[in-house]
Amino acid sequence: MAQLCPPPDLRPYFIALEELPSPLDPQSLFQKEAPLELDIGCGRGLFLYNTSLKFPERNFLGLEIDYKEGRRGAARLKKLAQPNARVIGGDANKALKDYFPAGSVEKIHVYFPDPWWKKKHHKRRLVTPQFLELVLNILTPEGEFHLWTDVTDYWEMALETITPFPQFTACPPPQERDPTHDMDYQTSFERKKRLAGWPVYRGLWQKKA
């Protein structure tokens with residue numbers, strides 16, 4: 001029987017959560033200390049790739065539970081030798097709870113989370129009161145929480161979950177813009193849905209100082 005080849009070593013661009021110390025100094029993953037943004041469910045890493053190029057003065061860290069997808073994004077960063085973008089493979093709730101210090105992240109991005117369509121699976125959805133407590137803990141004062149989805153039911157559920165938190169202030173969401181080329185989307189999932197004609201719901205909340 002043919003042996004499966006082990007995945008390539010993509011460090012420091014991809015690191016499994018269990019390989020990291022808890023608590024973690026997230027700035028230690030980068031070449032220099034800078035304001036940190038977290039992309040939860042980063043997938044193939046289009047947001048990390050584009051935004052880290054656009055803002056070299058900031059650090060960007062992706063979290064992806066699907067190691068295969070996370071490695072694909074990390075391989076793109078490695079090819080570019082991008083100094084300010086990294087991917088961690090692992091569960092976001094565990095990472096936020098056990099690894100990230102309080103007040104260590106300026107912006108948290110959640111783009112097109114898994115909707116878990118079946119009602120019996122709704123408890124697996126990312127946006128829950130418990131998750132939002134973790135988000136508020138690791139955000140800096142006046143830090144931002146971004147959420148985009150193409151699923152109406154998920155959007156309505158998210159609003160019902162976020163609204164009771166007095167620590168959040170709802171801000172005007174970013175407007176939809178026309179892309180200038182095929183890679184000029186927030187994520188590859190946004191590109192897929194917009195090209196198919198689906199609406200995208202965009203939300204932005206700020207943690208009160």
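This report walks through a few helices, strands and single residues of the structure above.

The model is predicted, so local features are described at pLDDT of at least 70 and side-chain atom pairs at pLDDT 80 or more, while totals for chains, interfaces and linings use all residues. Residues are numbered from 1 along each chain as its sequence is written, and side-chain values use heavy atoms, with hydrogens and water left out.

**Helix α2**

Helix α2 has 14 residues (67–80), and at 1.5 Å a residue it should span 20 Å, which agrees with the 20 Å between its end C-alpha atoms. The expected span here is 1.5 Å times one less than the number of residues.

Which residues of α2 are buried? They are Glu69, Gly70, Gly73, Ala74 and Leu77, where buried means under 20% relative accessible area, exposed over 50%, and partly exposed in between (1.4 Å probe, protein chains only). These residues cover an arc of only 130° around the axis, which puts them on the same side of α2; the arc is that of the directions from the helix axis to the C-beta atoms. An α-helix has 3.6 residues a turn, so residues three or four places apart point the same way.

The buried residues of α2 pack against β1 (14–16), α1 (46–54), β3 (59–64) and β4 (85–89), with contact meaning heavy atoms within 4.5 Å. On the face turned away from the buried side, α2 carries the exposed residues Lys68 and Lys79.

Both ends of α2 have a detail to look for. Just after α2, Ala81 takes a positive phi of about 55°.

Strand β2 (residues 36–40) is mostly covered, with 5 of its 5 residues buried. Leu36, Leu38 and Ile40 point one way from β2, Glu37 and Asp39 point the other way, and all are buried. β2 pairs with β3 in the parallel sense over 5 bridges; two strands pair if DSSP finds at least two bridges between them. Asp39 has Gly62 of β3 as its bridge partner.

In α1, the buried residues are Leu46, Phe47, Leu48, Thr51 and Ser52. Their cover includes β2, β3, α2, β4, β5 (105–111) and α6 (188–195).

| Residue | Relative accessible area | Class |
|---|---|---|
| Cys42 | 9% | buried |
| Cys171 | 25% | partly exposed |
| Ser22 | 46% | partly exposed |
| Thr187 | 13% | buried |

The structure holds 0 disulfides, a disulfide being a pair of cysteine sulfur atoms within 2.5 Å.

Ser22 sits in the loop between β1 and β2. Not counting residues up to four places away in sequence, Ser22 touches Asp98 and Tyr99. A polar atom of the Ser22 side chain lies 2.5 Å from the backbone oxygen of Asp98. A polar contact is a pair of N or O atoms within 3.5 Å; within protein, one must be able to donate a hydrogen and the other to accept it, and residues adjacent in sequence count only if both atoms are side-chain atoms.

Thr187 is in the loop between β7 (168–171) and α6. Its side chain reaches the backbone nitrogen of Glu190 at 3.0 Å. Leaving aside neighbours within four places in sequence, Thr187 is in contact with Leu46, Phe47, Tyr111 and Phe112.

Notes
Helices (H or I, at least four residues) and strands (E, at least two) are DSSP runs, numbered from the N terminus.
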